[in-house]
Amino acid sequence: MSTEHFLTESELNAELSARKRDVDRTLLRENLKLTPIERIRKHQRIVEFVEKLRNAGRALRDKS
């Protein structure tokens with residue numbers, strides 16, 4: 001038996017306001033200025049950087 005609880009409008013507004021405080025909207029706006037291709041390229045650079053960090057971490061652990 002499920003007891004679903006739906007938020008009231010005021011509870012929902014309070015929840016959304018609390019979550020908005022943790023979001024940097026300037027970064028969202030800057031990213032939305034990019035074309036889809038630019039966003040893909042940016043994402044790919046980040047993925048490549050993360051992979052380099054992982055490889056460096058593996059290399060350090062293998063040395064130990």
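**Entry 1: order of the elements**

I started with the order of the elements, which run α-α-α from the N terminus on, in a model that is predicted. The secondary structure comes to 3 helices and 0 strands, where helices (H or I, at least four residues) and strands (E, at least two) are DSSP runs, numbered from the N terminus. I then looked up the radius of gyration, which is taken over C-alpha atoms, and found 21 Å, well over the 11 Å that the globule rule gives for 64 residues, so the chain is more spread out than a compact globule. The globule rule itself is 2.2 Å times the number of residues to the power 0.38. Along its principal axes, the C-alpha trace spans about 55 × 40 × 25 Å.

**Entry 2: how the model is to be read**

I noted that residues are numbered from 1 along each chain as its sequence is written, and that side-chain values use heavy atoms, with hydrogens and water left out. In this predicted model, local features need pLDDT of at least 70 and side-chain atom pairs count only at pLDDT 80 or more, while totals for chains, interfaces and linings use all residues.

I looked up pLDDT (the predictor's confidence in each residue, from 0 to 100), and its mean over the chain is 92, with 97% of the residues reaching 70 or more.

**Entry 3: surface**

How many of the 64 residues count as buried? I found that 0% do, taking buried as under 20% relative accessible area, exposed as over 50%, and partly exposed as in between (1.4 Å probe, protein chains only). The chain exposes about 6500 Å², of which carbon and sulfur atoms supply 58%; accessible areas come from the Shrake-Rupley method with a 1.4 Å probe, and for residues only the protein chains shown count as cover.

I also found a nonpolar surface patch formed by Ile 46, Phe 49, Val 50 and Leu 53, with about 370 Å² of accessible area together. Patches are made of residues with over 30% relative accessible area and no salt bridge, joined within 9 Å for like charges and within 5 Å for nonpolar side chains (Val, Leu, Ile, Met, Phe, Trp, Tyr). Val 50 sits in helix 3 (residues 36–63) and is partly exposed, at a relative accessible area of 31%.

**Entry 4: salt bridges**

I looked for salt bridges (a side-chain nitrogen of Lys or Arg within 4 Å of a carboxyl oxygen of Asp or Glu), and the structure holds 4.

In helix 1 (residues 9–20), Glu 15 and Arg 19 lie 4 residues apart, about one turn of the helix, and they form a salt bridge whose closest N and O atoms are 2.7 Å apart. Glu 15 is partly exposed at 34% relative accessibility, whereas Arg 19 is exposed at 55%.

In helix 2 (residues 25–33), I found Lys 33 and Glu 30, 3 residues apart, about one turn of the helix, and their side chains meet in a salt bridge of 3.1 Å, N to O. Lys 33 counts as exposed at 62%, while Glu 30 is partly exposed at 45%.

Last, I checked Glu 51, which forms a salt bridge with Arg 58, the closest N and O atoms being 4.0 Å apart. Salt bridges that share partners join Glu 51, Arg 54 and Arg 58 into one network. Glu 51 is partly exposed at 35%, and Arg 58 is partly exposed at 41%.
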